[in-house]
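Thanks for coming. I will go through side-chain packing and ring pairs in one model, and I will keep it short.

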Amino acid sequence: MRVCLIIFILCLALQTHAQDSTVFYKASVTVAGATARTPFWQHANQNGSVPMDGNYALGNVGLYKIYNPNNPRFFQWRGGVEAIGSYGKSGRAFLSDAFVAGKAGIIEILAGQHKNVIGLMDTTLTSGSLSVAGNARPHPRLQISISDYFPLYATNNFVALKFSYSDGFLGGSNINYGSSKHVSKTYLHQKSLYFRFGQKTDRFHIYTGINHQAIWGGEDKILPLYDLQPPKAYWYTVSGKTFEHRKIGTHFGTIDLAGEWTGKSWSFFVYRQNIFETGSLFKAINFEDGLNGLSVKRVKPLPAGSTYFAFHSFLLEVVGTQNQINNSPLSGLALYERGNYYNSYIYQRGSSYYGNGIGTPLASATNNTNGDLPRNASEFTNNNRFWAFHTGLTATWLNTKLTFKGTYSRNSGTFLSPYNAVKQQASLFLSVEKSLKLLKGCSIYSSISSDIGELYPNSSGLALGIRKSGFLD
């Protein structure tokens, strides 16, 4: 089916190109080496594309048809395919993107695998959205959405909204609790609703909204006495209703609030993501845990031809997940008195896809942490209780783009696998990118990254690569 989907998308892209549509391509090749495993900021939030082997070669190529912003047609379509291949200790190849989407007015329907992040944040430098961070591979899904903020006429365009509703397939999972030790099918249900207050041309905007993720599947095998068939299980998952004193599936999401001021030279964006977890949304919202961020970006472009050093963006985030208070309907059992973010008491996979966390990469997979740290076979991550302080910036100098990310964290493990003491960790990343006239315009880039501390193996890495992108028409 994936091969057929690729051929279908390519044919449509080529046909549309002949009709003067917008077709975009990209390609890159990277070689990297590290003293131990791949450092954190070299692989985090890369959609599961970067191997953890430390030494590897990586190539990708993608072809996309995007919506034409100057096309007034009511019906439009887009699609894309991106193939990734790498070789480290072993070779692997997979499709990251493979999707088609159609839009009728403001409503879009998408089918396939497509990169995605959810939540209010600075998407360019963030440590990662708490709910969906772009850290794991895209999973196949069917989605209906209003992808851009749509102003409501009844409010004189002062209020605008966007939403998404999707269901996707994650594959099988081993089971921690229930009559079956393994189920062959698990699913990820997602929905979100966000509002913007202020007309599009206003300098100041307020944003707020909510997102909800739920992993479910195999309830008829896990709880055979209740004969909970998929349609009924799906309804309880989507609605969040309680079934026999328990929630169906594993639920996680955030309630977000942000404010943005756009000046003549700089914009300022302040945001907060507040966590809710299984059972807590309608009981008690945890105001202590969440992500706090401040993003500053240059709005006024530099003079043409300028080569002096100049900052373009700055980010500061503070992330805390230590509390995890969760007023679950099963609070009589010690296991459920607190949450267990990104883990599941049902599914050993937790909130992950192909071994990478769907949410923030700061809650790293157990296999990525030091081997001497406590761990539990029932948990996807052995570190979901931490305080993290993250910063990032971009700048230009001599027509070269500079990017820096740095994260310091204090990690306590999980409630099931607590560390004997707080484990401190620093992860650093610096990249440079220079545009060339070679191959009718491409860029070369290099990055150095390092992990220093007690959570990950100490490692330093160097990556070199070349990439090219552009439009075919």
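**Packing and aromatic pairs**

The largest nonpolar core has 48 residues, and the members that touch the most others in it are I222, Y271, V319 and Y347. By nonpolar core I mean a set of buried Ala, Val, Leu, Ile, Met, Phe, Trp, Tyr and Cys residues joined through side-chain atoms within 4.5 Å. Buried is under 20% relative accessible area, exposed is over 50%, and partly exposed is in between, with a 1.4 Å probe and protein chains only. A second, separate core has seven residues, among them A32, Y56, L58 and A463.

Some ground rules. This is a predicted model, in which local features need pLDDT of at least 70, side-chain atom pairs count only at pLDDT 80 or more, and totals for chains, interfaces and linings use all residues. Residues are numbered from 1 along each chain as its sequence is written, and side-chain values use heavy atoms, with hydrogens and water left out.

Back to I222. Leaving out residues up to four places away in sequence, I222 touches I175, Y177, G178, S179, S180, V183, G217, I346 and Y347; contact here is heavy atoms within 4.5 Å.

Now the rings. There are 20 aromatic pairs in the structure. Rings of Phe, Tyr and Trp (its six-membered ring) pair if their centres lie within 6.5 Å; planes under 30 degrees apart are stacked, over 60 edge-to-face, and the rest tilted.

Y177 and Y345 make a tilted pair, at 5.9 Å centre to centre with 50 degrees between the planes. These two are 168 residues apart, with Y177 in the loop between β7 (159–174) and β8 (182–197) and Y345 in the loop between β15 (310–320) and β16 (352–353). Strands are DSSP runs (E, at least two residues), numbered from the N terminus. Y177 counts as partly exposed because its relative accessibility is 38%.

What about F252 and Y341? Their ring centres are 5.7 Å apart and the planes stand at 75 degrees, so this pair is edge-to-face. F252 is in strand β12 (residues 250–262), while Y341 is in the loop between β15 and β16, 89 residues apart. Both F252 and Y341 are buried. Elsewhere, Y149, Y207, F269 and Y271 form one aromatic cluster.

Last, I358, in the loop between β17 (356–357) and β18 (386–397). With a relative accessible area of 9%, I358 is buried. C-alpha to C-alpha, I358 and S129 are 9.4 Å apart in space, against 229 residues in sequence. The contacts of I358, again beyond four places in sequence, include S131, V132, A133, L188 and Y353.

How values were computed. Helices (H or I, at least four residues) and strands (E, at least two) are DSSP runs, numbered from the N terminus.
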